[in-house]
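Please look at the structure shown below with its sequence beside it, and keep both in view while you read.

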Amino acid sequence: MLKYDIVVVGGGPAGLAAAIEAKKNGVDNILVIERDRELGGILQQCIHNGFGLHVFKEELTGPEYAEKFITELKNMGIEYKLDTMALEIGEERVIHAINTVDGFMRIKAGAIILSMGCRERTRGAISIPGTRPAGVFTAGTAQRFVNMEGYMVGKRVVILGSGDIGLIMARRMTLEGAKVLAVAELMPFSGGLTRNIVQCLEDYHIPLYLSHTLMEIKGKDRVEGVVIAEVDKNRKPIPGTEKHYDCDTLLLSVGLIPENEISKNAGIALDPVTSGPIVNESMETSIEGVFACGNVVHVHDLVDFVTAESKRAGKNAARYIKKEIKADAKTAKTKPGEGIRYIVPHMVRPENVDGTLDLFMRVDNVYKDMNMIVKLDGKEIKRMKKKHLAPGEMESVKIKKEDLGFGEDAVITVQLEKEGA
Amino acid sequence: MYDVAVIGAGIIGTFITRELSKFNLKTAMIDKDTDIANGTTKANSAIVHAGYDARPSTLKGTLNAKGNAMYGKVCEELDVHFKRIGSLVIASNEEEMESVKDLYERGRKNNIPHMKILSQEEVRAMEPNLNEEIIGALCAPTAGIVSPWELSVALAENAADNGAEIKLETEVLSIEKNEEGYIIYTNNGEVKAKYIFNCAGVYADKINEMVASRSFTIHPRRGQYNILDKRTGDLVNHVIFQAPTKLGKGVLVAPTVHGNLLVGPDAEDLEDKENTSTTSDRLTFIREKSRKTTMKIPFNGTITSFAGLRAVPSTGDFIIEESKEAKGFINVAGIESPGLSAAPAIAEYAIDILKGITGELKERKDFNPRRKPVIRFMELSDEEKAEAIKKDPRYGRIICRCENITEGEIVDSIHRNAGGRTVDAIKRRVRPGMGRCQGGFCGPRVMEILARELKIDIKEVVKDGKASYILTEETKKDKSQDVVESR
């Protein structure tokens, strides 16, 4: 049986940052397991720029951003195994993994960091009716084909959903010579970043239809057309508003889901809202010594936030190995209040907080001129003015450790209030 | 010149072809599609019915129970998933209870073993997740679940292992009768055969009319289904039917052999024999109807929806007989439900008709009923996993993350007799793309493996039908070899 102090499952941006930070915090014996052929994860197929504004104060492409971490990881001598799949996490933090070189492995880990990322929601998940021809791709799969494999997936394209990958792919397909006819979004607001709406749609005169849904896919062998229609307040299609498009390709950008099959089978508690593990201030899951970070916990919009969160997981995994984390400390729960969909972390042990506590959250609608208020057991401890809030843009709140004095079973809530209310 | 041509490579065509391969016969199986089991067989409820439903005096009635009893052996021989999990027909009121009792009586006449009428308490104990309003049920323990296309592919492979020829992408255009037998004209040349089995599913009437006048018609009846994520497969332990009422048959809720949950179908008579599209109204209808069985189906765990066509005969019963106008032309038509359940018995019955025409058939001494076992990596023990990778490192590379399917399994499924040549064919054989990501991650990899193993360009790899291309062109025409190889 192989033995490591820390095993990181997933070598994307989250896993890389966590492994590096763990090493910087004094743990030497680290292994990164990556199921793909290269480190860097999905960043490798994101050849557009805009990565790293927060972390590096410059605009990088996905592969450039990944490369910085890959180089650092290699320079630090951290071990990694490519093309290696973790099949399960058993008792006592023993990981079962396979690859073509080492065969079947049992790996005993002092601590585990889960960083498996996320996957895209598919046609089936949203039950789009019609035929089932070729030419229906998730935006990310199309991105992989176009950017990494070097093949185009279609000529006339309709995109369902306005998630960031869909928006980026609208531009990418256009630049590669395809005609993007429309982007249809079910919600009355886009799920993507504002800058992507501007730079990927508006700049290329690609129409975005908010409050629209896909009614039907046509074509037996290959997509021959789609029908979209406007929806009412209850997201039901409004008869008579159908628009027909002759197209050969439908891209889906209808959301991402944390990839937690291993976590689930290991018995780790998941949050039904985020679909990721329930974590505490140290990014530790419900199983002691198993940490999680990045999109496997909740879907981030910027990789910079993934990096920050993963550093925290890496550092705390190292502290766990060095027995610096107090497991039985007093614990508060976080609770999303009015206007907030979820908060990560879900639990906070102030004794283990290092300087400040960062809470990450998403709002449930588009809001203007709001106050974001943090309360501890009903008592306001922080208030921030927010000009614009949208579900597509993650919010964060920093709370000073000294503001976190509380008794047993405390609750930290974050809520929105109309300014002046 | 073949002795026998089988038209149609669905569950019936493959069963008959495999049965024929037990004898000293030169057999060809022809299908217009790119794969085995690409019509009705690929989209149905995947149930091996116990056999209480059909009227005793019909072919359906006699062949269902007989076929059911044959399933264990054939699936064991061919290494195909089959689970005899039993079925329940649930009743929510007294009227439905009456219909349950009728089914029980009919089942007794069909000699269905071990049936029992369950009380409310007994149902609840067996199926705690069912609707509380259920007052009783008919339990038929011999009912089972199977993977129809897996079985069909295995039958074709085993038939081919034993010498039968399989001609895919071969569409029958016309048939000519002559002194020796028949000339079948196809888009892929002529096929001459002394005898023909017409197993052409929804097109069996058209094929029949190529040699005889119209004696039956087949019309398509569409059924739509939802299939849910594996985490929901243990919601029920049996195949759960709703008792038939004046308003119709209701929908079924059943686990699949791979642990998913299947909900459906509805029934809708159509004209178009190709219309397998799903509709929003019908999918909603199925969901609503399933609530009578259980309120607990998490439809947000739906991974895909699909529709299949039943081949409904104008005669009301299976049509398994030699054409009165064309000697040696045997129709095996109108095989709607319980066709999958009856299939092994249908094949035997059909071969008996051939024996009646030809006199005794000579059995082959070297017939091998078994096919080479399939390595299903995730079903192996840790030690077996280690061993499998040692023997062939390709079993150490996971291609499909959702179902944990290895490269070794995919390569094996391409190179077997009746191997897969399309992305969907691979999906049906070894399941990459059947999981919750529906091929998002593994699709490009499967295409790459198909192109490599079949020695074709990746742009030629199709999803399913010949025209179902996936990639349109290369983004950069002038790619250096280095870049390609480093991927």
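**A guided reading of the model**

Chain B has an average pLDDT of 95, and 98% of its residues score at least 70, where pLDDT is the predictor's confidence in each residue, from 0 to 100. This is a predicted model, in which local features need pLDDT of at least 70 and side-chain atom pairs count only at pLDDT 80 or more, while totals for chains, interfaces and linings use all residues. Residues are numbered from 1 along each chain as its sequence is written, chains are lettered from A and ligands numbered from 1 in the order in which they are written, and side-chain values use heavy atoms, with hydrogens and water left out. For the complex, the predictor gives an ipTM of 0.94 and a pTM of 0.94. Residues 482-487 of chain B have a pLDDT that stays under 50, and for them the model has five contacts beyond four places in sequence; contact means heavy atoms within 4.5 Å.

We can now turn to the interior. A nonpolar core is a set of buried Ala, Val, Leu, Ile, Met, Phe, Trp, Tyr and Cys residues joined through side-chain atoms within 4.5 Å, and a residue is called buried under 20% relative accessible area, exposed over 50% and partly exposed in between (1.4 Å probe, protein chains only). The largest such core has 64 residues, and those with the most contacts inside it are Ile6(A), Ile95(A), Ile107(A) and Leu114(A). Apart from this core lies another, of 49 residues, among them Phe23(B), Phe82(B), Ala345(B) and Met434(B).

Next come the charged side chains. Side chains of opposite charge can pair when their charged atoms come close. Such a pair is counted as a salt bridge when a side-chain nitrogen of Lys or Arg is within 4 Å of a carboxyl oxygen of Asp or Glu, and over all chains the structure holds 74 of them. One of these joins the side chains of Arg144(A) and Asp36(A), at 3.6 Å from N to O. The pair links distant parts of the chain, with Arg144(A) in helix α3 (residues 139-149) of chain A and Asp36(A) in the loop between β2 (30-33) and β3 (49-51) of chain A, 108 residues apart; helices (H or I, at least four residues) and strands (E, at least two) are DSSP runs, numbered from the N terminus. Arg144(A) is buried, with a relative accessible area of 11%, and Asp36(A) is also buried, with a relative accessible area of 11%.

In chain B, Lys273(B) forms a salt bridge with Asp205(B), and their closest N and O atoms are 2.7 Å apart. Here too the pair links distant parts of the chain, 68 residues apart, since Lys273(B) is in the loop between β17 (268-269) and α7 (280-290) of chain B, and Asp205(B) is in helix α6 (residues 204-208) of chain B. Lys273(B) is buried at a relative accessible area of 14%, and Asp205(B) counts as buried at 2%.

How is helix α3(A) placed in the structure? Ten of its eleven residues are buried, so α3(A) is largely enclosed by the rest of the structure. Its buried residues pack against β9 (118-120), β10 (136-138), β11 (151-152), α4 (164-175) and β18 (249-252) of chain A, together with α12 (443-454) of chain B. After α3(A) comes Gly150(A), whose phi is positive, near 85°. The loop between β2 and β3 of chain A also holds Gln45(A), which is buried, with a relative accessible area of 5%. The side chain of Gln45(A) reaches the backbone oxygen of Gly140(A) at 2.8 Å, and, not counting residues up to four places away in sequence, Gln45(A) touches Gly140(A), Gln143(A), Arg144(A), Asn147(A) and Met148(A).

Finally, consider how the two chains meet. Between chain A and chain B, 48 residues of chain A are in contact with 54 residues of chain B. The two chains bury about 4500 Å² between them, 54% of it on carbon and sulfur atoms, where buried area is the accessible area (1.4 Å probe) that two parts lose on being put together, summed over both. Across this interface the rule finds eight salt bridges, and the side chains of Lys220(A) and Glu274(B) meet in a salt bridge at 3.3 Å, N to O. On the side of chain A that touches chain B, α3(A) gives the most, with six residues.

Key: Polar contact = N/O pair within 3.5 Å; in protein donor to acceptor, adjacent residues only side chain to side chain.
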